Amino acid sequence: MLRLCVLVAAAALLGSAAHAEKVVVTADRMIDVLTGKTVDHPAIFVTDGRITGIADARTVRWGSDVRQIDMGGKTLVPGLIDMHVHLDSLAEVGGYNGLQYTDSFWTVVAANNARKMLRAGFTTVRNVGSGQYNDVGVKQAIDQGYATGPRIVPAAHALGATGGHCDQTYLPPSFKAKGEAVADGAQALRVRVREQRKYGAEVIKVCATGGVFSRNTEPGQQQLSVEELSAIADEAHQWGLRVAAHAHGAAGIRAAIQAGIDTIEHASLVDDEGIKLAVARKQPVWFSMDIYNTDYTQAEGAKNGVLPDNLRKDREIAQIQRDNFRKAHAAGVRMVFGSDAGVMPHDQVGRQFKVMVEYGMTPIQAIQAATRNAAEALGKDKDVGAIAVGRYADMVAVTGDPLSDVRLLEKPDAVIKGGVLVAD
């Protein structure tokens, strides 16, 4: 009986392999982000969502059992990766306006924003902090086919200090409101890392400094010690997780780099010493600098209910952050694309490419920040980040040459995820 069961199982597996879906994606050209070169007339062969081969469409042939996705007249780039999003946030609902909605409202918002980001060309996103484990839940729904959206790397609740940027800072003491992953001291923060991993976090988010959109904190304030940050990094790395540190202020940035944090979020007020530390550190550290969203917040924030003090902080650091982006990039700091979507609408994140080019990057460098670099920083460079054999067949199609006009990525013509045309 056991032998019969084994034979049946083996036959089922063989049958599945024999009927694996085969796809070929063709286009006028594609951008190879690993080399920075353009490849003409690619034919990208896909089996069960992963790329199995790349050939010249003018010379190769495929059988009738291969489904073709024809992107004639278009250029393909790898599916884009945004390393800093908040799917369960709405830029249009600022300040205290969010208190009019029930808790489960934000889960539905997260699912809708995930769909918007996929249609905008972002086939992978890292969600660095959510409420109610919304990012974990939406990821599970997408992975199981119950919702449409990108590949999500969730952080669940963000870690932070009592009264700091990742704590609940808008309500009076009678509400006894506190961030779910807030703690003080190295050992207590280690426990918070374990809790978030236990319930689905695949990256750990920590707030090392104050922030713009919290109350009673200033962006430059360091809020966790090197010892506390080191404990978080050590605990996360032990479990095979990487760590993202919200850090605007120079002292907090230096502390996060010294502690072994993997990505520095915002990095607005980084100083020369912080840049030198980032370049010199043997273990790679990446800067994720959201240098577009202030255009939206300053134009629309007051109308959306954002408080005057938050707009003041946003205004004060905006140009400094952009200038420091230029300085850090020129010095050789490793850079990834991070938009802070949720502070601005999720379907506008492609607008950041233009600003990255304005502040020192070439178009290919900006595209690599959102593909090759981001995949490496995630530890997923075998899965995403390039149109290459073995990786998921995630691609974005545009009409024209994004190496000449990076703004083409603001509104893709088509999006392919895992060899399936999901937006056209």
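Asp 394 forms a salt bridge with Arg 151, with 2.9 Å between the closest N and O atoms; a salt bridge is taken as a side-chain nitrogen of Lys or Arg within 4 Å of a carboxyl oxygen of Asp or Glu. The model is predicted, with local features needing pLDDT of at least 70 and side-chain atom pairs counted only at pLDDT 80 or more, whereas totals for chains, interfaces and linings use all residues. Residues are numbered from 1 along each chain as its sequence is written, and side-chain values use heavy atoms, with hydrogens and water left out.

The chain is divided into domain 1 (22–78 + 386–423) and domain 2 (80–378), the bounds being those of an automatic or database domain assignment. Taken over C-alpha atoms, the centres of the two domains are separated by 30 Å. At the interface, 21 residues of domain 1 are in contact with 21 residues of domain 2, contact meaning heavy atoms within 4.5 Å. About 1900 Å² is buried between the domains, 69% of it on carbon and sulfur atoms; buried area is the accessible area (1.4 Å probe) that two parts lose on being put together, summed over both. In domain 1, the residues that lose the most area to domain 2 are Val 33, Val 406 and Lys 417, which together make up 28% of what that side buries.

Across this interface, the rule finds 1 salt bridge. Strand 17 (414–417) and strand 18 (420–423) are the elements that give two or more residues to the side of domain 1 that touches domain 2, strands being DSSP runs (E, at least two residues) and helices DSSP runs (H or I, at least four), numbered from the N terminus. Strand 17 gives the most to that side, with 3 residues.

In the whole structure, a search finds 22 salt bridges. Arg 67 forms a salt bridge with Glu 21, the closest N and O atoms being 2.9 Å apart. Because Arg 67 lies in strand 5 (residues 66–78) and Glu 21 in the loop between helix 1 (2–18) and strand 1 (22–32), the pair ties together parts that are 46 residues apart in sequence.
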